[in-house]
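Please keep the structure open beside the text as you read.

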Amino acid sequence: MNIPGFLRRQQLLGREVTSRCKTIPWTSLLEEFQCCAEDEHIVENNCNELEVYGDVRPLVCEFSRAPYSHHILAVADSDGFIKLIDANKTGGSAFIKDWRAHSSAVFDVDWSENEPKLLTASGDQTSVLWDTVQCRSIRQFTGHQASIKSVNFGRQDPSMFVSGSRDGNIMLWDTRSKTRSAASVSPSVFISDPHNPSPGRSKLASVSKWQESGIKRQGLPLNGDYYNSVTCTLFERNNIVISAGASDGFIKLWDIRNINSTCLESFPYTGTSQQQHGYSSLVLDSTQTRLFASCTDDVVYVYNCTNFNKEPMCFFQGHMNSTFYVRSALSPDDRFLLSGSSDSKAYIWDINAPHAPPFTLTGHTKEVTSVTW
């Protein structure tokens, strides 16, 4: 049985499939997960350079959301390359194409909802929108002054996307923006220093307002301190953005329509660790009511985005999250949570049984970073 395909059909067909699912032994299905040698795809150094500085690592993977393309997987690596893989095929025939998207590591990708377009975020301080059919750059987005760690399209308005960077800033972009340079776009809105562990008020402003006050784009606040880094950004609704940082322990919700305000809501760190912790991944379920937050204290916390209760609804643990490369993903039917782990394994939890031990996927020899369904 093609389990991911079955879960996606369950999501699309709804109650009809769900009613049949009640008789399916889910534990047995999970035990069928296996990786054959023909399904292993090695990420190698593709640069014609005399010296290779360390191993090339796959950092993020994501399945396409375009119609009839859900089997196309994009894999981005620490060398700046994007590889497209056809998950319906095996061996060498599964390889579709690859190209160098950035001069530095690609830390995040996000597919457009209805088109074969891919958004990338890189250590070269730029985001780029790609036509994956022609491997052609459509537009480049510049404004961050450090590595961009996260990008996410608006689901209702795919022309908008949000980004978070190690410079400590969140920026909102409109892919339809008309600028002097058709190839490069500047941000329309940014949130300055939202996850600084030191006390202070974050500011939400439009670029035009900054320009009116005589401050040029090149003068945007540069918060290069690692502890200020914005590690996760996510659209909840078109006007609501969720963010998390490297060490302040807060998850924050922002209303981008309300300029010059503090965050709309926030979830403080509720774990037991006395050390500073941040988040490596944020995931919403299909109803956008539950937020799954992967924390560097080795716990995935689940928060209610309807009543904004500060205490988590539940949590999942058993994996190891030692870096900001470890990510999580929900199955298409919101039934299972999948997470990478620093102990060379991947873990799957039944959402309806948070206290049950997770199912473990083995086979990797180093940290499992990104996962997807």
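D157 is partly exposed, with a relative accessible area of 22%. On this scale, buried is under 20% relative accessible area, exposed is over 50%, and partly exposed lies in between, using a 1.4 Å probe and protein chains only. This is a predicted model, where local features need pLDDT of at least 70, side-chain atom pairs count only at pLDDT 80 or more, and totals for chains, interfaces and linings use all residues. Residues are numbered from 1 along each chain as its sequence is written, and side-chain values use heavy atoms, with hydrogens and water left out.

Which residue forms a salt bridge with D157? The partner is R176, and the closest N and O atoms are 4.0 Å apart. A salt bridge here is a side-chain nitrogen of Lys or Arg within 4 Å of a carboxyl oxygen of Asp or Glu. Strands are DSSP runs (E, at least two residues), numbered from the N terminus. R176 counts as exposed, at 52% relative accessibility.

The structure holds 16 salt bridges, including the ones in this table.

| Salt bridge | N to O distance |
|---|---|
| D157 and R176 | 4.0 Å |
| D350 and R335 | 3.2 Å |
| R65 and E62 | 4.0 Å |

In general, side chains of opposite charge can pair when their charged atoms come close.

Now look at D350, which forms a salt bridge with R335. This pair also links distant parts of the chain, 15 residues apart, with D350 in strand β25 (residues 346–350) and R335 in the loop between β23 (328–330) and β24 (336–339). D350 counts as partly exposed, at 22% relative accessibility. Elsewhere, salt bridges that share partners join E62, R65, D110, E113 and R155 into one network. Within that group, E62 is partly exposed at 22% relative accessibility.

Next comes a sheet. Four strands form an open sheet in the order β1-β2-β3-β4, with antiparallel pairing; two strands pair if DSSP finds at least two bridges between them. The edge strands, β1 (58–63) and β4 (95–100), each pair on one side only. Inside this sheet, five bridges join the antiparallel strands β2 (residues 72–77) and β3 (residues 81–86). What stands opposite A74 in β3? L84 does.
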